[in-house]
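The following paragraphs lead the reader through a model, beginning with a single residue and widening to the chains and their contact. Please keep the sequence and the structure in view while reading.

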Amino acid sequence: MYKDILDRLPYKSSFRFVDRLSYLSEDEVKGEFTLRSDAFFYEDHFPGNPVTPGVILTEIMAQIGLVTMGIYLVAKGVTKQSFDEPQVLYPLLTSTEVSFHKMVLPGDTVYVHSRKQYFRFGKLKCYVTMTDNEGRRIAEGTFSGVIKHVKQPVP
Amino acid sequence: MDRQAILVELKKVLAPYIKNKELLDGITENTNLITDLKINSANLVDIVIDAEAQYNIEIDADSAENMVTIQNCIDVIEEKLSSANS
């Protein structure tokens, strides 16, 4: 489901934090990601005691909650921007404010739910929550970002 | 609402986005939001949205793009206020 959107995510392998989208509209996204035990950050954070870094949880929330919706809005033609243009589009985070309530360990699946606050003048702002498989709150906060044209594709 | 009155309200809109509050006191019509007030360019959208609520007006994308200096901002707000009342 939503394969066309997932295929447009610009991240690869170790920095792609979206497994599945269960719902996507102009106003709302729901998706999930399972933390792989062999992810690169567990070896050092912390040695012998792996805990998912807050910055990675933030990235998961941003990719599912903000980037997929941003791609969807551009693909739908809500903005003047288009994937058909020669420039490459990249999503850039402009601000976040997140609070964390619960640790996430290797192998855990996290569920992200994002609600749009506005999308105007190319800027998307959403309120994003992350919960575990029992619906317990892991993190929540406000995310905003823009999709920028980059002239040269980044190798 | 004259330009001076618009400016008084505009300072209230800008204040949350200015880290160094002392910069608010030095504002003139020539002040640039990004280079002088050090406002994050991504926050200009929030400022436009807050200004819409503050003055009860609607600002279109073309007008929003012009809101670079205090003078530009007041011009746009003045124009939208007058067209809203006519």
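T109(A) counts as partly exposed because it has 13 C-beta neighbours inside 10 Å; a residue is buried with 20 or more other C-beta atoms within 10 Å of its own, exposed with 12 or fewer, and partly exposed in between, the C-beta atoms being placed from the backbone. This is a predicted model, in which local features need pLDDT of at least 70 and side-chain atom pairs count only at pLDDT 80 or more, while totals for chains, interfaces and linings use all residues. Residues are numbered from 1 along each chain as its sequence is written, and chains are lettered from A and ligands numbered from 1 in the order in which they are written.

T109(A) lies in strand β4 of chain A; helices (H or I, at least four residues) and strands (E, at least two) are DSSP runs, numbered from the N terminus. Apart from neighbours within four places in sequence, T109(A) is in contact with E32(A), T34(A) and N133(A), contact meaning that the C-beta atoms of two residues, placed from the backbone, lie within 7 Å. E26(A), by comparison, is 83 residues from T109(A) in sequence and 25 Å away in space, C-alpha to C-alpha.

Chain A as a whole contains two helices and six strands, arranged along the sequence as α-β-β-α-β-β-β-β. Its radius of gyration is 15 Å, close to the 15 Å that the globule rule gives for 155 residues, so chain A is as compact as a globular protein of that length. The radius is taken over C-alpha atoms, and the rule is 2.2 Å times the number of residues to the power 0.38. Of the 155 residues of chain A, 28% count as buried. Among contacts in chain A between residues at least 6 apart in sequence, 66% join residues at least 24 apart.

The contact between the chains draws eight residues from chain A and six residues from chain B. On the side of chain A that touches chain B, the elements giving two or more residues are β3 (88-100), β4 (109-120) and β6 (137-150) of chain A.

In chain B, helix α1 (residues 3-14) has twelve residues. I6(B), L10(B), V13(B) and L14(B) of α1(B) are buried. These four lie on the same side of α1(B) because they cover an arc of only 85° around the axis, the arc being that of the directions from the helix axis to the C-beta atoms. On the other side of α1(B), Q4(B), A5(B), V8(B) and K12(B) are exposed.

Terms used: The expected span of a helix is 1.5 Å times one less than its number of residues.
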